[in-house]
Amino acid sequence: MPTVTRSFPATQATDPPTSARTRVLEGGSAQRQPPRPATTAAARPRPAPGPRAQGAAVAADGLPRWAKGVVIGGLLLAVAMPATVLMSRSMLVQEALAAESGSKAAMVCTGGNARAVDSSSITGWLFGGSFFSCGDWETRDARVQRERDRYETNYMARERTRQGLPPN
């Protein structure tokens, strides 16, 4: 039965620098290498950021990925909610003005804005709904005349440009 000899005690966690594995890795040299200083956790080089970094569920600053996702999601929600409310109110204004322009009434709304039903708090502003408040009114005849004048002015400017004359 062959005997097995060890060059170090079995309780040692890592091979000492003079082990057979180290000699094989160093090319079989019989010279004794000076002991290397033990590296601490702070002195260890970190992998470079990029696609080759492996197993990084924790970022360099110590935040886990899910926490970054929560923060980014919260920021997106904080920007998207007011933007959505403002866009819906803008569309409410356009819809109301379009309905007024087709109206047969003697007085027509020509400008206004959408307001929150309850603007006393942020939640009321975001979730309370909106209503349209007309600020500018004019008669139907005045509006028709204004549109005719604008059409005629645009037509004359196009004709002057087509003839090579400078616009007024």
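## What counts as a salt bridge

A salt bridge is defined here as a side-chain nitrogen of Lys or Arg within 4 Å of a carboxyl oxygen of Asp or Glu. Side chains of opposite charge can pair when their charged atoms come close. By this rule the structure has three salt bridges.

The structure is a predicted model, in which local features need pLDDT of at least 70 and side-chain atom pairs count only at pLDDT 80 or more, while totals for chains, interfaces and linings use all residues. Residues are numbered from 1 along each chain as its sequence is written, and side-chain values use heavy atoms, with hydrogens and water left out.

## The pair R146 and E138

R146 and E138 are joined through their side chains by a salt bridge with an N to O distance of 2.6 Å. Of these two residues, E138 is buried at a relative accessible area of 17%, whereas R146 is partly exposed at 37%; buried means under 20% relative accessible area, exposed over 50%, and partly exposed in between, using a 1.4 Å probe and protein chains only.

## Two pairs within helix α4

Helix α4 covers residues 140–162 and holds both R143 and E147, which lie four residues apart, about one turn of the helix; helices are DSSP runs of H or I with at least four residues, numbered from the N terminus. The side chains of R143 and E147 form a salt bridge at 3.3 Å, N to O, with R143 buried at 14% relative accessible area and E147 partly exposed at 34%.

R162 and E159 also both lie in helix α4, three residues apart, again about one turn of the helix. Their salt bridge has its closest N and O atoms 2.8 Å apart, and R162 counts as exposed, with a relative accessibility of 62%.
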